[in-house]
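Subject: Structure for you to look over

Hi,

Here is the structure I promised to pass on. Please open it next to this email, and my notes follow below.

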Amino acid sequence: MQRVIKMKKILYLSLLVLVGCVPANKPELSPGNGTAPPPFVPHPYIPKEETVDSLVPTYSSRNFDQMIQILSKVTGVHASRAEIRIAVSKVRSQLPLSYDPISYSTFNHISLTSLVVQYCDSFVTDQTDASGSILGIAEADPAWPAKISQALVNRFAITEVSQDPFLQTALNEIAGIMQVNDIITTPYDYRKKVIIGCTLFLASSYFSFD
Amino acid sequence: MKIILFMFVLSTELWSQSTPELVIKARRLHVSLTGTLPTKVQMQQTISLLSQQRAREAAVKIIQEDENFYNVTVKSMVTPWSNKTSDHSKPLNDMTALLLGFIRDDIPFNQVFYRDSLYVFRGTLIGASLSPALQALLTEPEILFVSATGFRNGPSDVLSKNETAGARHQFLKDNFPGSDRILIKDPKYPKLRFIISKYAPDRNSHFEEAESLSLDLSNSNLLKIGLQSDYLYSDPKAVSGILSTREFAKAYLQAGTNRAGIAYIVPHMFCRTMDQLKDGTLSDEYVRKDIPRIPGGLETTYKNNCVACHTGLDPLSNAFAYHDYYNATGKVLYTPTTVVAKLNATISNDDTQIGTSVSDDYWINFWKSSLNSRMGWGTTNEGYGLFSLGKMLSETKQFSNCMSQRVYEKVCLNNIRKLNSKERDAVVALAASFELNNYNMKNLFAETSVSCKE
């Protein structure tokens, strides 16, 4: 009987040790080298305070109205023009409804680019004079890619090139892409290249970095 | 020449003084308020004001001068309120035009629930005869006619170079013979003449066509305020702000039981879901007959679940007892003294038929004395019809809080995520200021944009 009681005591103490709760009047069990383990202090739960700055979104995708108005504003092409309305009616249902950039897909990007191409086509049409020069630069000018890209950036950018390193990079990129395969045989080729340069610049405005 | 030189020097000076931080701040302020990028001139003006620590003035200037504040930001904020799915791509309509117009014209925004107003585009009717007003619009040497629905032989715009006013009028009559179109001139585009359907109480084409032509919503000479009692209802008692607009009726009163009018406006404009308003402690004396008392054979389901919403919702939605929307005709119908039949519908397989019969448009707010007193209700607590219900809704503190929250989410967070605890505190402070400033939404936008973008 005494042996049973002794076994129960040992079992009881073992359980207490396991849960880290040894009665105060009992001798503490040492790990074997004679030193007592540090008392267990439960770590209090302190919720981390959310910092506002870290959570303010720094970028988001633009919605449909924003895109139309931005493109109209920078190109000066009114959204009521027939060719724009046709393009808009084609892509309206293909632009994202959410502002969350995670929802942005290649599908959205293609539809946006087709809309930008139409705006740029109308813009270039408006900027072409009777002699065929676009933005005041003649196709015969050998430096036309650099001059056209400079004119596009001057027209569309909201800051000065000297103020914004991104603009200088964009300017070089656009000029470089327009320069590639620069065999221009007809005014149509020249016009097409300017539309490509315009599209390159404006299609990147889909995301708002603000 | 001296002035041009001075302006050039001034602008160069501003750019040279502007730090990258100021440029970023100016761009953020502009994008948050208009949803679009600023022009170089706008950037210079904003940077100049920000460098003088006049951020609020900069925000006010953007709001007052950039049309995209209305055409983009305000429109995309209020459009989700006009449909059940909170879809912000729905077309412009009489409800969203009213909400937008109240913001533009500095009308206290809590009056959207009860004031007799309707915003429509004003133009000159293309009638059978050539009126002096129409003649004035058709006499300029070169005009581009733009129609949202297109002309008879296909194109949607037609250039008229040297025709006389009479010939142009004949051309318009041939293309639009029904005398249901109006001609609109926007002073910003003097050569363009926009052609849209005139306002009609049975369809939304007037607003949809105006939107497809990107007509400027910020121009108070184009989108003008009028009275619902002149356009929609013969009885002025039917009118109560957005609650009696055609689009509201189409979205929330079509079929159903007219409870949706309350059930959806609460989450949209009071930022509370019906689940948050559940209260099972109230009397069910106004719960209607279409709610089964023993659903699925379990009376406890009714007592523990159903009543929690319906005890408060049913007595409030009785205010819509005389309003209905007929899809076949596309019209809102107001039948004073005759309660719409669907409010007294019963359940065919429930023999008990227990429930209140709605006999008039009397409503009472049980939520005022319950857990939902935290909504901050005003003095009005019961009444007859929509007007008094609209007054009650307009007095609610939660409306101010919700508008501040909606503006904060739109301007500061671009609707990407919900508010955190610190932002909720900021919203409460902005709501107090909103009430102090006589519910002026433009002021709320300006203060909010400065508070988070500075």
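Predicted model: local features only at pLDDT ≥ 70, side-chain atom pairs only at ≥ 80, totals over all residues.

Helix α9(B) spans residues 205-212 and is mostly covered, with six of its eight residues buried. Those six are Ser205(B), His206(B), Phe207(B), Glu209(B), Ala210(B) and Glu211(B). Just after the helix, Ser214(B) takes a positive phi of about 55°.

**Chain B overall**

Chain B has 17 helices and eleven strands. Its C-alpha atoms fill a box of roughly 85 × 60 × 35 Å along the principal axes. Of its 454 residues, 56% are buried. Take the contacts in chain B between residues at least 6 apart in sequence: 67% of them join residues at least 24 apart.

**Aromatic pairs**

How many aromatic pairs does the structure hold over all chains? The count is 26. One of them joins Phe69(B) and Tyr70(B). Their ring centres are 4.9 Å apart and their planes stand at 75°, so this pair is edge-to-face. Phe69(B) is buried, because its relative accessibility is 0%. Tyr70(B) is buried too, at 5% relative accessible area.

Tyr114(B) and Phe387(B) form another edge-to-face pair, with 5.6 Å from centre to centre and 80° between the planes. This pair links distant parts of the chain, 273 residues apart. Tyr114(B) sits in the loop between α6 (94-104) and β1 (118-121) of chain B. Phe387(B) belongs to helix α14 (residues 385-394) of chain B. Are the two partners buried or exposed? Tyr114(B) counts as buried at 14% relative accessibility, since the cut-off for buried is under 20%. Phe387(B) is partly exposed, with a relative accessible area of 43%.

Tyr114(B) has a further neighbour. Lys391(B) lies over the face of its ring, at 4.7 Å from the ring centre.

There is also an aromatic cluster to look at. Its members are Phe109(B), Phe113(B), Phe270(B) and Phe399(B).

**A loop with two positive phi values**

Now look at the loop between α11 (246-252) and α12 (260-270) of chain B, where Ala255(B) lies. Ala255(B) is not a glycine, yet has a positive phi of about 50°. Asn258(B) lies in the loop between α11 and α12 as well. Asn258(B), also not a glycine, has a positive phi of about 65°. Which of these is buried and which exposed? Ala255(B) counts as exposed at 51% relative accessibility, because the cut-off for exposed is over 50%. Asn258(B) is buried, with a relative accessible area of 1%.

**A helix pair in chain A**

Two packed helices are described by the angle between their axes and the distance between the axes. In chain A, look at α6 (residues 144-156) and α7 (residues 165-179). Their axes come within 8 Å and cross at roughly 140°. The crossing of α6(A) and α7(A) is right-handed.

Which residues meet there? From α6(A) come Trp144(A), Pro145(A), Ala146(A), Ile148(A), Ser149(A), Gln150(A) and Val153(A). From α7(A) come Leu167(A), Leu171(A), Ile174(A), Ala175(A), Met178(A) and Gln179(A).

Best wishes

Methods
Residues numbered from 1 in each chain as written. Chains lettered and ligands numbered in written order. Heavy atoms only, no water. Phe/Tyr/Trp six-rings, centres within 6.5 Å; stacked < 30°, edge-to-face > 60°. Buried < 20%, exposed > 50% of the residue type's maximum accessible area, 1.4 Å probe, protein only. Helix = DSSP H or I, 4+ residues; strand = E, 2+ residues; numbered from the N terminus. Lys NZ or Arg CZ within 6 Å of the ring centre and 35° of its normal. Axes fitted to C-alpha atoms, helices over the stretch in contact; angles between N-to-C directions. Left-handed = near helix turned anticlockwise from the far one by under 90°. Contact = heavy atoms within 4.5 Å.
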